[in-house]
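Good morning, and thank you for joining the meeting.

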Amino acid sequence: MRIAIVDESPARAAVIEEGLRDAGLTDVAVFTDRKGIAARLEAFAPDVVLINLANPHRDELEELFALSRAMARPVAMFVDQSDTAGIEAAIDAGVSAYVVDGLRKERIKPVLELAIRRFRAYSRLRAELDEARGALAERKAIDQAKALLMKKRAIDEPAAYAALRKAAMDSGRRIGDVADAIVTADRLMGDL
């Protein structure tokens, strides 16, 4: 597992790195300079990112949260001080574990494991949500296409669905794609 540590303090980063090495995790890179961090992290391609901030300022948090969203990887954040707004912002940014005043080397591995599990659970939920939204959009397009066919051909709903299904099979496309094409064509053609 490749792990990136982002911390401007080499001493604090060393505590995290030592905790990881004690846990048998050796593919670790430490980033103490945040200048160009996005490109350097992308080049390293970590599986997990551990961020440590002593007293996070709003600008630091926003920069790191934007990075967290863009990376789509588990992120664990250690902070010395926090407030409700910081916690909410971290969760909204997709931080998988947010630990306040808990930087001890023996806690690193459990926090890392928690971050990975929460990230996977969140990713699964996100995929299920995207799938459900896609199915709903497809169902809506099919219903709209059926309504158009029923109106233009003066046929009932089962006949409209059968026509959609036949067009999909004849063209080797999914019924939702055929329905989208019909709805789009109707919008383009308007009332001719």
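The model is predicted: local features need pLDDT of at least 70, side-chain atom pairs count only at pLDDT 80 or more, and totals for chains, interfaces and linings use all residues. Residues are numbered from 1 along each chain as its sequence is written, and side-chain values use heavy atoms, with hydrogens and water left out.

Let me start with the overall division. The protein has domain 1, covering 3–103, and domain 2, covering 129–189; these bounds come from an automatic or database domain assignment. Between the C-alpha centres of domain 1 and domain 2 the distance is 47 Å.

Next, the sheet. Helices (H or I, at least four residues) and strands (E, at least two) are DSSP runs, numbered from the N terminus. Five strands form an open sheet in the order 2-1-3-4-5, with parallel pairing; two strands pair if DSSP finds at least two bridges between them. At the edges are strand 2 and strand 5 (97–100), each of which pairs on one side only. On average, neighbouring strands of this sheet are turned by 15 degrees against each other, direction ignored, where axes are lines fitted to C-alpha atoms, for helices over the stretch in contact, and angles run from 0 to 180 degrees between N-to-C directions. Strand 4 and strand 5 run parallel and are joined by 4 bridges. Val79 has Val100 in strand 5 as its bridge partner.

Is Val28 buried or exposed? With a relative accessibility of 14%, Val28 counts as buried, since buried means under 20% relative accessible area, exposed over 50%, and partly exposed in between (1.4 Å probe, protein chains only). Contact means heavy atoms within 4.5 Å. Not counting residues up to four places away in sequence, Val28 touches Ile3, Ile5, Glu17, Leu20, Arg21 and Phe44. Val28 and Ile3 are 25 residues apart in sequence, yet 4.8 Å apart in space, C-alpha to C-alpha.

I turn now to helix 1. Ala13, Ile16, Gly19 and Leu20 are buried in helix 1. Seen down the axis, the buried residues of helix 1 fall within an arc of 120 degrees, so they line one face; the arc is that of the directions from the helix axis to the C-beta atoms. The face turned away from the buried side of helix 1 carries the exposed residues Pro10, Ala11 and Asp22. Among the elements covering the buried residues of helix 1 are strand 1 (3–6), strand 2 (28–31), strand 4 (75–79) and helix 5. After helix 1 comes Gly24, with a positive phi near 85 degrees.

Two alanines also deserve a mention. Ala45, in the loop between helix 2 (37–44) and strand 3 (48–53), has a positive phi near 55 degrees and is partly exposed at 34% relative accessible area. Ala154 sits in the loop between helix 5 (105–153) and helix 6 (157–171). Its phi is positive and near 55 degrees, and Ala154 is exposed, with a relative accessible area of 68%.

Lastly, Glu63 belongs to helix 3, residues 58–71, and is partly exposed at 35%. Leaving aside neighbours within four places in sequence, Glu63 is in contact with Arg34 and Ile37.
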